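Biologist: I'm new to this one. Can you put it on screen and walk me through it?

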Amino acid sequence: MSSTAINILEYAIVDIETTGGYAAGSGITEVAILIHDGQNVVERFETLINPQCAIPLSIQALTGINNELVANAPAFNEVARRIFDLLNGRIFVAHHVNFDYSFIKHHLQTAGYTYAAPKLCTVRMSRKIRPGLASYSLGRLCDALEIPITHRHRAGGDAAATAILFTKLLEWDTAGTIREMLKKTSGHQQLPPNLSKEQVDRLPHSTGVYYFRDKTGKVIYVGKALNIHNRVTAHFTGHNPNPQRQQFLRHIHSVTHESCGTELMALLLEATEIKRLWPAYNRALKRFEPKFALYMYEDQQGYLRLAVGKYGKGHPPVQVFYRQMDAVNSLHALINEFELDRRYCSFGGPASLHAVSPHAVPPEQHNERLRAALRGLQRTNANFVVIDQGRSRNEKSCIWIENGNLYGMGYFPSGPDSFLDTETLKASLTRYTGTHYMMQLINAYAEKYPLKIWKTDRLTEFPFL
């Protein structure tokens, strides 16, 4: 069964009580729905719900709804048809609307009803129509606006207070804010309640990195985008009921951004910012930390040895890797190319017990061959820069690689009248500490776009340097 057309100027003001904070893993314990015709409440529905699971003690203390109280109450699917009929075709209104809507939509779907409706959030409405208040929680908002509220944290009491608030907001809305929010093209229905639509609207449609921040201004998520505006708004589409997403949306209070000249610059900035800030809701890139490394050490008899082991920041590695197999393969390649003695190499298993036999080469000869192998490895870590487009037509971007590691990146003026010597360019770049993941990105880009790569000792041949 699915929703039908909207009843003109009719609203369903909803409040629910639940056993937890996210729809997919929590039950509903109480529902109140008040039908509002744009001037007055014309119909009321309120019922306890048996969530068919235990109610946590903390929620019992907050709401007063305990397991005994709901023992004989109907399960949600027993009243789903009544709830669907009340909501169907009406505008869904609630305080922090996405929370209530996600629960109702999820549980209606579980009961066999396909439900979708336009939404109005009285938090967002209040921020627009009555800006500058100290708090927009329902209790403090009612205190500030002198709205009576009884039976706090019960569905009926909170819904009744929300209905009074909604009536006042309709009266105060002389600028057509609510009508604007209801437009199909409006982003108000999808945005988190604490994030300003104006702030989102100001985001550019260009490549860069964006930062979601909490109410204290702390960064809680860093993302990269080819189109910052579109990527940010994409975070708020759909109604995924999982707990991480619900937590994430509640904590977003603002968004800032940093424009980048290229997707590679944005990827590198995203990676380094996640490493620097370690935001709470970034999970994917946190996995791109090396797990294994190739180490060199000297044994008691003076022989240099190579060993594959777990990566630890306290021991300088020769190379780092995500997978143990990659490290083992790299060591095998060095052995084969430079004819190293395998007895002085460990592949990550038990330590080698081979003693140095009387027929083994002396340590000086062995060590020189091993150092030559490492010099050959380092020769692959060339010094070069990636020069590409900038953030505008009047500049270029520069990523500087030194000894196989990221040195820095930034932008410089471009054009026939521009002049910048190599040392000045290098000094103007922002220094960054690279990672193995970042160098993989850069090397892959260099291989794909060789015409954008310049050896640092040939930079003077670049037209604007």
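Biologist: How many bridges join E6 to strand E7, and which way do the two run?

Modeller: There are 6 bridges between E6 and E7 (residues 219–225), and the strands run antiparallel. Two strands count as paired if DSSP finds at least two bridges between them. Helices (H or I, at least four residues) and strands (E, at least two) are DSSP runs, numbered from the N terminus.

Biologist: Before we go on, what kind of model is this?

Modeller: This is a predicted model: local features need pLDDT of at least 70, side-chain atom pairs count only at pLDDT 80 or more, and totals for chains, interfaces and linings use all residues. Residues are numbered from 1 along each chain as its sequence is written, and side-chain values use heavy atoms, with hydrogens and water left out.

Biologist: What is the mean pLDDT of the chain?

Modeller: The mean is 86, and 89% of the residues reach 70 or more. pLDDT is the predictor's confidence in each residue, from 0 to 100.

Biologist: Where does the pLDDT fall below 50?

Modeller: Over residues 351–356. Beyond near neighbours in sequence, that stretch has 8 contacts in the model. Contact means heavy atoms within 4.5 Å. Where pLDDT is low, the predicted coordinates should not be read in detail.

Biologist: Back to E6. What sits in the turn of its hairpin with E7?

Modeller: There are 5 residues between the two strands. Gly217 is in that turn, with a positive phi of about 90 degrees. Arg213 stands opposite Val219 of E7.

Biologist: Which residue of E8 is the bridge partner of Val209?

Modeller: Glu258. E6 and E8 (residues 254–259) pair in the antiparallel sense over 6 bridges.

Biologist: Why is E6 called largely enclosed?

Modeller: Because 5 of the 6 residues of E6 (residues 208–213) are buried. Buried means under 20% relative accessible area, exposed over 50%, and partly exposed in between (1.4 Å probe, protein chains only).

Biologist: New topic. What is the strand order in the open sheet of 5 strands?

Modeller: The order is E3-E2-E1-E4-E5, with mixed pairing. E3 (41–48) and E5 are the edge strands, each pairing on one side only. The twist averages 20 degrees from one strand to the next. For that, axes are lines fitted to C-alpha atoms (for helices, over the stretch in contact), and angles run from 0 to 180 degrees between N-to-C directions.

Biologist: In which sense do E1 and E4 pair?

Modeller: Parallel, over 3 bridges. Within E4, Phe92 is the bridge partner of Ala12.

Biologist: What else does Phe92 touch?

Modeller: Leaving aside neighbours within four places in sequence, its contacts include Val14, Leu87, Ile104, Tyr115 and Leu120. Phe92 is also among the residues with the most contacts inside the largest nonpolar core, which has 53 residues. A nonpolar core is a set of buried Ala, Val, Leu, Ile, Met, Phe, Trp, Tyr and Cys residues joined through side-chain atoms within 4.5 Å. Apart from that core lies another, of 28 residues, among them Tyr211 and Cys260.

Biologist: Which strands does H5 lie across?

Modeller: H5 lies across E4 and E5, at about 55 degrees to E5. Since 6 of the 8 residues of H5 (residues 122–129) are buried, the helix is largely enclosed by the rest of the structure. Arg124 is one of those buried residues. Among the elements they pack against are H6 (138–144) and H7 (155–172).

Biologist: How many disulfides does the count give?

Modeller: The count is 0. A disulfide here is a pair of cysteine sulfur atoms within 2.5 Å.

Biologist: Is Cys398 buried or exposed?

Modeller: Cys398 is buried, with a relative accessible area of 0%. Cys53 counts as partly exposed, at 35%.

Biologist: What about the other open sheet, with 4 strands: what order is it in?

Modeller: E11-E9-E10-E12, again with mixed pairing. E10 (residues 304–310) and E12 pair in the parallel sense over 2 bridges. Leu306 has Cys345 as its bridge partner in E12. Helix H13 (residues 324–338) lies across E9, E10, E11 and E12, at about 165 degrees to E10.

Biologist: Last one. What is the phi of Gln52 near?

Modeller: Near 60 degrees, a positive value in a residue other than glycine. Gln52 lies in the loop between E3 and H1 (57–63). Gln52 is exposed, with a relative accessible area of 66%.
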